[in-house]
Amino acid sequence: MELDDAYANATYIENGATYPDRWAAAAAGFREGMLEQGLAELDVPYGDRPREVFDLFLPDGAAKGLMIFVHGGYWIRFDKSYWSHLAAGALEQGWAVAMPSYDLCPEVRIADISRQIAHMIPQAAAMVAGPIVLTGHSAGGHLVARMAMPGMLPAEVAVRVARIMPISPVADLRPMVKTSMNADFKLEMADAAMESPTLMLPMPGMDIVVWVGAEERPAFLEQATALAEAWRCDCVVDPGRHHFDVIDGLADPDSRMMSRLLSA
């Protein structure tokens, strides 16, 4: 399809095909350590479907608040089990971290996944007091950006959202119609527009910062900058980072990413 190459990441990253296995191994080791310490609750249900579950990781001591990370994979691959290690940065800063799985296309539509995440967030919020920060990567960046839309979250939860950070988001879904992945998405242009944060406005007063790697594919740099321009928010272009390692800052409590995400 016309835009397949524009949205191909692994092809343009050295050893790109090895990243999923590396993520899964790091995540499994991290979960094991958290379970041994009694600081993890795994597979907490937020709905009736098998993939409607999230993992909750707790800091050693009272949590300052809750970070929710929503994974990517073009809405067609992966689950929460690949990303657990990315909770390390927030945990060391004293925040609890929740990571959901969700149903994948073509079993569901992208709009259904947005609704799943909107249902998951209040469930996790009920388990941890304090402010909430939302972040997600790629397709997960789209999903957390959608949570900024009026009416997506209950008012009592939305008021607790201190910051949203879409990382390398697919914020305009219209180009997805021109990829072979649309065989799974089943998007018409009207559907894509209705799920595109770039074409919407967030809730007034919502604190949002877009993050993207400087070495990403041009399409992702364009997606990130277009969202920031539409929403009149900052866009941080992270030097030397590509689409697969741009999320590494989440695991480092002292990274620029974590400082920006969790700052008061």
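Buried means under 20% relative accessible area, exposed means over 50%, and partly exposed lies in between (1.4 Å probe, protein chains only). The structure is a predicted model, so local features need pLDDT of at least 70 and side-chain atom pairs count only at pLDDT 80 or more, while totals for chains, interfaces and linings use all residues. Residues are numbered from 1 along each chain as its sequence is written, and side-chain values use heavy atoms, with hydrogens and water left out.

Start with the charged pairs. Side chains of opposite charge can pair when their charged atoms come close. The structure holds 14 salt bridges, each a side-chain nitrogen of Lys or Arg within 4 Å of a carboxyl oxygen of Asp or Glu. Helices (H or I, at least four residues) and strands (E, at least two) are DSSP runs, numbered from the N terminus.

Aspartate 207 meets arginine 163 in one of these bridges, at 3.0 Å from N to O. This pair links distant parts of the chain, 44 residues apart: aspartate 207 sits in the loop between α7 and β7, arginine 163 in strand β6 (residues 161–167). Aspartate 207 is partly exposed at 32% relative accessible area. Arginine 163 is buried at 7%.

Glutamate 195 pairs with arginine 146, with 3.1 Å between the closest N and O atoms. Glutamate 195 is in the loop between α7 (189–194) and β7 (209–213) and arginine 146 is in helix α4 (residues 139–146), so this bridge ties together parts 49 residues apart in sequence. Glutamate 195 is buried, at 6% relative accessible area. Arginine 146 is buried too, at 9%.

Now take glutamate 107 and arginine 49, whose side chains form a salt bridge at 2.8 Å, N to O. Glutamate 107 belongs to the loop between β4 (96–100) and α3 (110–125), and arginine 49 to the loop between β1 (40–45) and β2 (53–57), so the pair ties together parts 58 residues apart in sequence. Glutamate 107 is exposed at 59% relative accessible area, and arginine 49 is partly exposed at 35%. The loop between β4 and α3 also holds proline 106. A cis peptide bond joins cysteine 105 to proline 106, with omega about 10°.

Asp43, Asp55 and Lys80 are linked in a network of salt bridges. Aspartate 43 lies in strand β1. Its phi is near 60°, a positive value in a residue other than glycine. Serine 168 also has a positive phi, near 45°. Serine 168 is in the loop between β6 and α6 (182–185) and is buried at 0% relative accessibility.

Next, look at strand β7. Five of its five residues are buried, so β7 is largely enclosed by the rest of the structure. Val209, Trp211 and Gly213 are buried on one side, Val210 and Val212 on the other. β7 pairs with strand β8 (residues 234–238) in the parallel sense over five bridges; two strands pair if DSSP finds at least two bridges between them. Valine 210 has cysteine 235 as its bridge partner in β8. From β7 the chain passes through helix α8 (residues 218–231) to β8, a right-handed β-α-β crossover. Right-handed means that, with the strands pointing away from the viewer, the path from the first strand over the helix to the second runs clockwise.
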